[in-house]
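This report describes how a structure of two chains is put together. Look at the sequence and the model first, then read on.

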Amino acid sequence: MTVAAGRDDGISGLLRASARPLTERWVELTAAPLRGRVSRAELERELGELFEAFLAAVETGSRDVDDEAYAEVRALLSELSQRRARAGFTPTETATGVFSLKRAVFEVVEGDGGAGIAELVTASQLLDALGLWTFEAYAKAREEVIDEQAAQLLELTTPVVKLWDGVLAVPLVGTLDSGRTQVVMEKLLESLVSTGAEHAIIDITGVLAVDTQVAQYLLKTATAARLMGAECTISGIRPHIAQTIVELGIEFGDITTKATLADALLHALRRSGVDVVRGRTGR
Amino acid sequence: MERIPILKIGDVLLVSIQIDLQDRDVLALQEDLSEQICDTGARGVVIDISAVDIVDSFIGRMFATIASTSRLFDATTVVVGMRPAVAITLVELGLTLGNVRTALNLEKGLAILRQIGGTRADVLGHADDDQPVDR
């Protein structure tokens with residue numbers, strides 16, 4: 001890399017000499033497509049830091065962005081891309097941030113005509129590589145966001161809530177598939193063991209469609225709960241789902257079904273010997 | 001072959017299964033248990049399977065067989081502590097255990113027997129709040 005250092009003195013000199021106009025122009029060019037979604041002051045700070053780090057890296061003489069000298073630039077860039085990715089900017093808008101420095105360099109060079117082709121090509125290659133780096137970091141950040149959301153979704157699907165002493169409920173929302181139902185089933189049965197609750201309510205108010213397979217799973221869960229010594233009630237069956245169930249010929253057998261979660265809770269309370277009485281003062 | 005111990009607590013026979021059951025263990029247990037019920041005149045049988053991880057259809061049927069046998073001696077069978085995985089397996093096998101009573105744990109199982117009146121109250125140390133049912 002020392003050989004390259006001797007040859008490329010021009011580019012670092014150029015950057016150092018016109019650091020101020022370059023940064024200003026860069027901020028200007030980057031700000032335009034972002035249309036005010038990032039404040040001018042923030043952009044100036046971000047790009048100022050980035051420019052300083054870039055300049056320092058170029059001055060070491062290294063021309064390889066994977067080199068140790070560019071560690072700070074890479075760190076700053078991936079930080080920037082992650083922020084952009086999370087704020088919902090497009091990949092183009094993010095990568096343009098780097099590429100517009102290239103344009104700024106070209107304009108400055110054009111202005112005073114001092115630099116040669118070699119310097120420009122080097123600068124261009126460096127910035128292209130950094131642009132690609134930005135894009136990669138952006139994609140990685142987006143993947144992280146997606147992974148987080150998938151995990152959140154799975155957690156959302158299986159909340160086992162305690163309604164009363166000895167009464168657990170699972171409110172199911174959305175579309176049920178075999179994978180999800182399996183998770184729900186296992187989690188509910190595990191909770192029955194760990195809490196010692198004798199009543200479980202599966203509420204399907206939020207379930208949009210029930211087919212034979214889903215009905216089968218619900219039945220299996222209720223039967224398994226019964227085998228373990230707990231009682232399972234299914235509540236919140238919507239009118240059109242009730243019709244589907246009858247049309248499909250699914251028999252719920254002796255498993256208790258209730259129209260609403262409130263009815264199911266009342267049923268569970270009665271079964272566990274709790275009386276619900278309206279208080280005299282409670283009106 | 002290991003024999004599964006059958007413990008007598010007052011009117012209740014307690015069987016706690018701590019090993020992976022082989023078919024012949026099951027057969028031996030069924031035999032021992034019916035002899036014991038007959039000898040002791042027990043009114044209730046509690047089978048604790050909280051340590052059992054693996055079941056097959058043969059073991060699944062064992063519970064129903066034991067329940068039917070003890071029914072002939074007028075004793076109620078309660079299976080307690082079934083693990084979720086075991087319950088799911090039994091459901092997948094299509095076994096519903098017929099009229100076997102189940103409970104989440106030993107305590108609740110004994111409470112069921114007490115409720116039915118199949119056991120004398122003082123056995124379980126609740127002589128003050130539970131009176132023997134007079135039939």
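The text below covers each chain, then the sheets, the contact and the cores.

**The two chains**

The model is predicted, and every value here is computed from it. Chain A has 283 residues, of which 32% count as buried. Its secondary structure consists of 11 helices and 5 strands. Chain B has 135 residues, and buried residues make up 36% of them. In chain B there are 4 helices and 5 strands, and along the sequence they follow the pattern β-β-α-β-α-β-α-β-α.

Contacts can also be sorted by how far apart the residues lie in sequence. For contacts in chain A between residues at least 6 apart, 77% join residues at least 24 apart. The corresponding share for chain B is 75%.

**The sheet of chain A**

In chain A, 5 strands form an open sheet in the order S1-S2-S3-S4-S5, and the pairing is mixed. Strand S1 (161-164) and strand S5 (257-258) of chain A are the edge strands, since each pairs on one side only. Strand S3 (residues 199-207) and strand S4 (residues 231-235) of chain A run parallel and are joined by 5 bridges. Asp203(A), for example, has Ser235(A) in S4(A) as its bridge partner.

Helices pack on this sheet. Helix H8 (residues 178-195) of chain A touches S1, strand S2 (167-174) and S3 of chain A. Helix H9(A) touches S3 and S4 of chain A.

**The sheet of chain B**

Chain B also has an open sheet of 5 strands, in the order S1-S2-S3-S4-S5 and with mixed pairing. Why is one side of S1 and of S5 of chain B left without a neighbour in the sheet? These strands stand at the edges and each has a single partner strand, so one side of each has no neighbour there.

Strand S4 (residues 76-80) of chain B and S5(B) run parallel, with 3 bridges between them. One bridge partner pair is Val80(B) and, in S5(B), Ala103(B). Helix H4 (residues 106-116) of chain B packs on the sheet, touching strand S2 (12-16), strand S3 (44-48), S4 and S5 of chain B.

| H8(A) | S2(A) | about 165° |

**Where the chains meet**

The contact takes 16 residues from chain A and 14 residues from chain B. On the side of chain B that touches chain A, helix H3 (84-92) and strand S5 (101-103) of chain B each supply at least two residues. H3(B) gives the most, with 5 residues. By type, this side of chain B divides into 10 nonpolar, 3 polar and 1 charged.

**The nonpolar cores**

The largest nonpolar core has 70 residues. Which of its residues touch the most other members? They are Leu192(A), Ala200(A), Met228(A), Val45(B) and Ala87(B). Helix H9 (residues 212-227) of chain A contributes the largest share of this core, 8 residues.

Leaving aside neighbours within four places in sequence, Met228(A) is in contact with Leu189(A) and Leu192(A), and also with Met82(B), Pro84(B), Ala87(B), Thr102(B) and Leu104(B).

A second, separate core has 30 residues, among them Leu22(A), Trp26(A), Leu80(A) and Leu127(A).

Conventions. Residues are numbered from 1 along each chain as its sequence is written. Chains are lettered from A and ligands numbered from 1 in the order in which they are written. This is a predicted model: local features need pLDDT of at least 70, side-chain atom pairs count only at pLDDT 80 or more; totals for chains, interfaces and linings use all residues. Two residues are in contact if their C-beta atoms, placed from the backbone, lie within 7 Å. Ala, Val, Leu, Ile, Met, Phe, Trp, Tyr, Cys and Pro count as nonpolar, Asp, Glu, Lys and Arg as charged, and the others, Gly among them, as polar. A nonpolar core is a set of buried Ala, Val, Leu, Ile, Met, Phe, Trp, Tyr and Cys residues joined through C-beta atoms within 7 Å. A residue is buried if 20 or more other C-beta atoms lie within 10 Å of its own, exposed if 12 or fewer, and partly exposed in between; C-beta atoms are placed from the backbone. Two strands pair if DSSP finds at least two bridges between them. Axes are lines fitted to C-alpha atoms, for helices over the stretch in contact, and angles run from 0 to 180 degrees between N-to-C directions.
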